[in-house]
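Please consult the sequence and the structure shown here while reading this briefing. The points are grouped by topic.

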Amino acid sequence: MTRLFPQLLGSAFVELAPRVQELHRRAGTQHYRGEVEVERGRSPLAALCGWATRLPPAGCGPIEVEIIVDAQGERWTRHVGAHAMRSCLWAADGLLHERLGLVEFGFRLFADQGVLKWQVACVRVLGLRLPVRWFAGVAAHEFERDGRYGFDVQAALPLVGPLLRYRGWLDVN
């Protein structure tokens with residue numbers, strides 16, 4: 001079974017930092033623990049978007065991530081406190097697709113100086129395609145710092161403002 005990230009990145013996969021490669025190379029069911037800081041947008045529209053994608057509440061503390069890899073793709077569950085943010089990931093048309101609640105994203109993946117970067121290429125809400133330019137404020141980066149896997153995810157929308165920023169680290173050993 002080929003993991004999604006090596007499949008989509010091809011030869012660029014080996015350019016990623018070792019901890020990023022390790023997290024995306026393992027098959028089966030994996031569990032990781034670490035720390036996370038979550039910031040949420042304050043507008044009513046940001047709250048609605050957060051509900052639609054099941055984003056975690058604001059705060060700092062432990063995070064536990066379960067990744068299940070099977071023939072259909074990957075299922076990620078991020079446990080932040082009592083909140084579980086679930087997503088399904090699969091590859092299609094050269095993109096990494098992720099379903100978060102009512103929203104499906106298509107991402108182009110890039111390796112840049114050891115960092116894995118996710119760039120929004122398409123978005124659907126309840127099957128309706130939305131303009132990609134609305135999602136220019138959505139970015140995700142995975143990297144290695146101090147021997148740990150690190151992540152930094154941000155989302156902001158025009159007219160809505162900031163939705164979320166969550167960043168932290170996981171032990172990937």
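This is a predicted model: local features need pLDDT of at least 70, side-chain atom pairs count only at pLDDT 80 or more; totals for chains, interfaces and linings use all residues.

Residues are numbered from 1 along each chain as its sequence is written, and side-chain values use heavy atoms, with hydrogens and water left out. The structure holds 12 salt bridges and 0 disulfides.

**Terms for burial and secondary structure**

- A residue is called buried under 20% relative accessible area, exposed over 50%, and partly exposed in between (1.4 Å probe, protein chains only).
- Helices (H or I, at least four residues) and strands (E, at least two) are DSSP runs, numbered from the N terminus.

**Salt bridges**

- Side chains of opposite charge can pair when their charged atoms come close.
- A salt bridge is counted when a side-chain nitrogen of Lys or Arg lies within 4 Å of a carboxyl oxygen of Asp or Glu.
- Glu98 forms a salt bridge with Arg78, the closest N and O atoms being 3.2 Å apart. Glu98 lies in strand S5 (residues 95–100) and Arg78 in strand S3 (residues 73–80), so this bridge ties together parts that are 20 residues apart in sequence.
- Glu98 is buried, with a relative accessible area of 5%, and Arg78 is buried, with 7%.
- Glu104 and Arg99 meet through their side chains in a salt bridge of 3.3 Å, N to O. Here Glu104 is buried at 14% relative accessibility, whereas Arg99 is partly exposed at 38%.
- Glu22, Arg25 and Arg26 are joined in a network of salt bridges.

**Cysteines**

- A disulfide is a covalent bond between the sulfur atoms of two cysteines. In this model, the term requires a pair of cysteine sulfur atoms within 2.5 Å.
- The sulfur of Cys88 is 16 Å from the closest cysteine sulfur, that of Cys122, which is too far for a bond.
- Cys88 is partly exposed, at 35% relative accessibility, while Cys60 is exposed, at 68% relative accessible area.

- In helix H2 (residues 18–25), the buried residues include Val20, Gln21, Leu23 and His24. These residues lie on the same side of H2 because they cover an arc of only 165° around the axis, the arc being that of the directions from the helix axis to the C-beta atoms.
- Arg3 lies in the segment before helix H1 (4–9) and is buried, at 4% relative accessibility.
- Leaving aside neighbours within four places in sequence, Arg3 is in contact (heavy atoms within 4.5 Å) with residues including Leu23, His24, Arg25 and Arg26. Ile67, Val69 and Glu74 are also among the contacts of Arg3.

**Nonpolar surface patch**

- Leu45, Leu48, Trp51, Leu102 and Leu126 form a nonpolar patch on the surface, with about 570 Å² of accessible area together.
- Patches consist of residues with over 30% relative accessible area and no salt bridge, like charges being joined within 9 Å and nonpolar side chains (Val, Leu, Ile, Met, Phe, Trp, Tyr) within 5 Å. Accessible areas come from the Shrake-Rupley method with a 1.4 Å probe, and for residues only the protein chains shown count as cover.
- Leu126 lies in the loop between strand S7 (115–125) and strand S8 (128–130) and is exposed, with a relative accessible area of 70%.
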